[in-house]
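Please give me a guided tour of this model for use in a viewer. Tell me what to select next and what is there.

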Amino acid sequence: MGFRLYNTFSKQVEDFVPIEEGKVALYSCGPTVYSHPHIGNFRSFLMPDLLKRFLEFKGYDVTHVMNITDVGHLLEDADEGADKLEEAARKAKKEPLEIAEIYIDSFNAASEMLNMKPADEYPRATGHIDDMIAMIETLIEKGHAYVVAHNVYYDVTTFKNYGKLSGNTLDELNSGARVEVNAEKRNPQDFALWKHDPKHIQQWESPWGMGFPGWHIECSAMSTKYLGEHFDFHTGGEDNIFPHHECEIAQSEGVSGKKWVNYWMHARFLLFDGEKMSKSKGNLYTIQELIEKGFKKNAIRYALISSHYRQNYNFTFDGLKAAEQAIEKINRCLFTLAEATKGDEGSIRDEVKEIIEKGIGGFDEALCDDLNISKSLAAVFDFIKEANKLSDVSGTEAKAMIGAIEKIDSVLGVLESDSGEEIPAEIMALAEQRKEAKLAKDWAKADTLRDEITAKGFAIEDKPGHEYRIIQKDA
Ligand code: AMP
Ligand code: ZN
């Protein structure tokens, strides 16, 4: 089954064809590290996580790069105004880089809590200034950029496809009500590649004097450095479409003279009480805050991925509770199946094979349709319902069904994240004693220990090489 996705660039659902067979190169706009990321930010970051996990499920080898913006992102995403990091630094009476460290740690901790698969690279803007300068020099040489009083601007009229991604063509923008006036610019829509501002704290030497890079050039330079001049996917939140991604295309294609990104994917906003969750409105929740309220990490992840990325997601506490219940349902089934693995080995009945094929097949087919998560979850719960109905499940059947749930969870990532650390030490100790008993071939003792563990509400699923997994009945 081939993967199809909605491409923001073509505004159509397209078949996915990788540039290099079996491989995928994916770039995601990452956080601007000036405050704790909120669940809205993570809705946008979890979209590429789901995409990456699904492409891996389909057998692709995915290289994922997510940048960290630690300079140059100005308030209102515009050319004027305070740098978000420097503003935060001034308020906290710290250095911008100290601010970056604090919020990179916060982002990493929250990413881990949400069981996001780490990207292969997390390039930081401040570590790639030379790459940005080199790119700006090429844009000047090619006539796409010009220097005025130590500032460098991109001349949007030199790039004929400007506006293709967002629909904000120059005609469209010129007829708009609000046109920024800056006497230095040839055209009001020209944007800064390099900015000179003596008040800015973070400054670097450049051929145009001391200054700092514009936010858009950061992503063009870092994505090219790690993924080359032509790659498969670029993702972000819907507010990144314009001006950020529109300008990135003008820069990258201005330099290479050829197509840059094949597929653009954008996540719609997470809303709270009908409004976009945002730092500026202050109507936000961080992952940590929700955990402090007693919600589980995997339920937060489930809630954030369980609605289609191209629709707004209205965040509610009831939604989080429903996510907890959904995970409990899967866990209860896993628990019963894990119990059944201790039975006779036996064969797999046709009816069980069918349930597995329908479950995995339905899950796969739905995600192939532009990551239709609701439909894919419906297939998962049909599978659970059918599995729960089965009686006399053999050990082999139970293992096969657990295998199917684990395969599904390699994409959803909601079952593993809470295991291990949440299993009480007492149960872990019993499980270790059982492993030792098995190694000593003391089967009677191993069985007694297993019964003891079960009586306490935990099931053990044995894995090859004497490894095991513990499943909590009411996790
Ligand atoms: P920032 O750290 O402000 O650069 O934002 C990081 C990412 O979060 C960007 O891709 C934004 O598009 C995205 N984002 C911000 N607010 C929301 C929201 N309420 N829902 C979904 N994505 C968001
Ligand atoms: Zn970006």
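Helices (H or I, at least four residues) and strands (E, at least two) are DSSP runs, numbered from the N terminus. Axes are lines fitted to C-alpha atoms, for helices over the stretch in contact, and angles run from 0 to 180 degrees between N-to-C directions. This is a predicted model: local features need pLDDT of at least 70, side-chain atom pairs count only at pLDDT 80 or more, and totals for chains, interfaces and linings use all residues. Residues are numbered from 1 along each chain as its sequence is written, and side-chain values use heavy atoms, without hydrogens or water.

Select helix α4 (residues 129-141) together with α6: their axes come within 9 Å and cross at roughly 105 degrees. That makes α4 roughly perpendicular to α6 (65 to 115 degrees counts as such).

From α4, Asp 131, Met 132, Met 135, Ile 136 and Leu 139 meet Ile 217, Glu 218, Ser 220, Ala 221, Thr 224 and Lys 225 of α6.

Now select the open sheet, whose four strands are ordered β4-β3-β9-β10 with parallel pairing; two strands pair if DSSP finds at least two bridges between them. β4 (61-66) and β10 (261-267) stand at the edges with a single partner strand each, so one side of each has no neighbour in the sheet. From one strand to the next, the twist averages 20 degrees.

Zoom in on β9 (residues 231-237), joined to the parallel β10 by six bridges. Opposite Phe 233 is Tyr 263 in β10.

Technical notes. Chains are lettered from A and ligands numbered from 1 in the order in which they are written. Angles under 35 degrees count as roughly parallel, over 145 as roughly antiparallel, 65 to 115 as roughly perpendicular and the rest as oblique. Contact means heavy atoms within 4.5 Å.
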